[in-house]
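Have a look first, then we'll go through it piece by piece.

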Amino acid sequence: MMKTFLYLCGFCFLASLIGANDRPNVLFIAVDDMRAELGCLGSPVVKSPNIDKLAARGMLFERAYCQQAVCNPSRASLLTGLYPWTLRIWDLLTHFRERRPDIVTLPQHFKNNGYQTEGVGKIFHNWRQDDYKGDAVSWSVPEFMHYNTHGADEAKVKGKLPPDEANVPRTEMRDVPDNAYFDGRIAGRAVKTLQRLAKEETPFFLGVGFWKPHAGFNAPKKYWDMYDRSQIGRAANPNPPEGVPEIALHDGREIMRGFKKNPGGRPSPDEEVILRHGYYAAISYVDAQIGKVVDELNRLGLAKNTVIVFWSDHGFHLGENGLWAKTSNFELDARVPMIIVKPGQKSGESTKALVELIDMYPTLVDMCGLPELKHDLEGVSLVPLLNGKMDSVKDAAWTWHPRPAYPPERSDPTVMGYSMRTPAFRYTEWRKVSDGEIVGRELYDHRNDPDETRNVVSAGEKTKEVKDLQQRMRQQMPIGAGLNP
């Protein structure tokens with residue numbers, strides 16, 4: 001009944017939006033590892049003027065969540081419209097077509113329905129050790145700068161390379177131009193692509209995927225200079241939550257591998273501040289690149305008939321909860337920034353409705369008047385939120401993550417953590433894959449503890465709430481789903 005109502009709302013919306021030969025374009029902007037800490041989301045520190053401008057003219061989703069806090073499963077889920085447990089993907093290396101070879105991806109569906117689809121930068125997660133790169137069937141032309149490793153994103157300039165003034169592992173601060181790194185070159189290519197597409201009559205789906213603010217934090221120096229380090233400080237809640245099961249934590253290897261020689265293998269307090277500074281500089285750097293692309297869209301007069309989407313594949317820890325990087329089920333990893341701008345929209349709004357990245361696929365299908373797919377999409381259309389017909393479209397958002405945090409390719413994890421975010425709580429169960437035995441539980445009361453500093457399950461509190469949430473989890477997210485062939 002709910003899906004029928006959402007479909008009717010979407011149909012009424014697109015009927016007013018789309019003429020017979022006037023299908024909107026899509027500018028699909030992705031970023032990597034950006035947590036929900038931006039000016040438009042209330043941050044007093046982060047400088048993100050271009051993303052803030054998008055929020056000021058579109059719908060800002062204040063409670064948007066990824067389905068797994070690591071690149072490959074998150075992106076595969078969004079781009080196929082299926083949850084990771086349906087795809088059976090939880091690692092970095094398994095390509096989604098190995099699980100579902102005939103699946104129709106989001107850009108592929110647009111291509112199949114007359115759109116020119118082009119990908120610039122990182123849209124799918126494509127890093128592998130063999131030669132299976134990208135997803136050519138999704139695009140009208142070969143992708144550009146979609147396949148690489150973050151470690152290869154080193155500054156490239158003509159002449160002598162300026163010195164690194166950061167001098168802290170996993171960071172770099174050089175006085176170089178924007179196009180010294182991947183994202184500057186991606187923005188330049190995206191601008192040229194828009195200029196070409198503007199001359200064509202065919203509607204387009206342009207995916208622009210930026211590699212930052214993923215580590216290493218190596219934005220050009222001018223973006224570091226935007227911040228006063230004395231105003232950044234260390235994480236406000238640097239300790240693991242009280243009563244947290246050990247399995248909910250991880251070693252933060254993505255950042256910690258640079259500090260093996262330090263006492264305890266961790267950054268010093270001063271180094272923590274520099275790491276946080278580098279991450280914020282990387283946000284401001286990618287924000288500037290987004291500004292270049294959106295400004296060109298506006299200059300070309302395309303904004304009046306283009307849906308603009310902005311999203312991050314997952315969040316990130318900067319020392320909070322005793323953690324660095326991602327691969328957890330905590331709020332900072334699961335929550336993501338997400339904005340959708342309707343064609344020609346000039347006045348922005350925000351919503352606290354719970355939404356998921358998996359909802360992006362059906363939403364864009366609705367907004368652009370595309371036919372339904374042969375495979376069922378597991379998200380829901382957000383069009384009822386966009387046109388003000390509903391205040392919410394779901395009562396929970398779902399995230400999972402395995403242990404080990406980075407399981408070997410084509411192998412089941414030992415334990416899986418299933419997490420449910422409701423308006424008031426985050427409830428998580430850690431279960432053995434072999435027999436479903438619960439080895440850890442967490443409940444965080446976001447009404448009183450938005451930083452998730454205290455696991456109330458361990459104190460025997462909220463017993464009724466725990467029972468209710470556990471029952472809802474059984475009904476809506478079958479434990480063990482996706483873990484067996």
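## A loop to start with

In which loop does glycine 216 lie? Glycine 216 sits in the loop between strand 4 and helix 8 (221-224); helices (H or I, at least four residues) and strands (E, at least two) are DSSP runs, numbered from the N terminus. Glycine 216 counts as buried because its relative accessibility is 16%, where buried means under 20% relative accessible area, exposed over 50% and partly exposed in between (1.4 Å probe, protein chains only).

Before going on, a word on the ground rules. This is a predicted model, where local features need pLDDT of at least 70 and side-chain atom pairs count only at pLDDT 80 or more, while totals for chains, interfaces and linings use all residues. Residues are numbered from 1 along each chain as its sequence is written, and side-chain values use heavy atoms, with hydrogens and water left out.

## The overall picture

The protein has 14 helices and 14 strands. Its radius of gyration (taken over C-alpha atoms) is 22 Å, close to the 23 Å that the globule rule gives for 485 residues, so the protein is as compact as a globular protein of that length; that rule is 2.2 Å times the number of residues to the power 0.38. Along the principal axes, the C-alpha atoms fill a box of roughly 65 × 60 × 45 Å.

Of the 485 residues, 60% are buried. Take the contacts (heavy atoms within 4.5 Å) between residues at least 6 apart in sequence: 73% of them join residues at least 24 apart. The accessible surface is about 18900 Å², and carbon and sulfur atoms own 50% of that; the areas come from the Shrake-Rupley method with a 1.4 Å probe, and for residues only the protein chains shown count as cover.

## Strand 4 and its partners

Strand 4 (residues 204-213) is mostly covered, with 10 of its 10 residues buried. Strand 1 (residues 25-32) pairs with strand 4 in the parallel sense over 6 bridges, where pairing takes at least two bridges found by DSSP. Leucine 27 is set opposite leucine 206 of strand 4.

Strand 3 (residues 116-121) also runs parallel to strand 4, joined by 6 bridges. Threonine 117 has phenylalanine 205 of strand 4 as its bridge partner, and glycine 119 stands opposite glycine 207. Strand 3 is largely enclosed by the rest of the structure, because 6 of its 6 residues are buried.

## Nonpolar cores

A nonpolar core here is a set of buried Ala, Val, Leu, Ile, Met, Phe, Trp, Tyr and Cys residues joined through side-chain atoms within 4.5 Å. The largest one has 63 residues, and Leu27, Met34, Phe210, Ile255, Tyr280, Ile290 and Phe310 touch the most other members. Helix 10 (residues 269-299) gives the most to this core, with 13 residues. A second, separate core of 47 residues includes Phe28, Phe110, Val309 and Met338.

Back to tyrosine 280: leaving aside neighbours within four places in sequence, its contacts include Arg35, Glu37, Tyr227 and Leu318. Helix 2 (residues 49-57) has Asn50, Ile51, Leu54, Ala55 and Arg57 as its buried residues. Among the elements covering them are strand 2 (59-65), helix 10 and strand 5 (306-312).

Most residues other than glycine have a negative phi, and most peptide bonds are trans. Against that background, lysine 212 and proline 213 are joined by a cis peptide bond with omega about 10°, and proline 213 belongs to strand 4. Another cis bond joins alanine 215 and glycine 216, with omega about 0°.

Asparagine 167 has a positive phi of about 60° and is exposed, with a relative accessible area of 62%. Asparagine 321 also has a positive phi of about 60°, but asparagine 321 is buried at 2%. Asparagine 321 is placed in the loop between strand 6 (317-318) and strand 7 (324-325).

## Cysteines

With a disulfide taken as a pair of cysteine sulfur atoms within 2.5 Å, the count comes to 0. For cysteine 71, the nearest cysteine sulfur is that of cysteine 66, 10 Å away. Cysteine 71 counts as buried at 3% relative accessibility, and cysteine 368 is buried at 0%.
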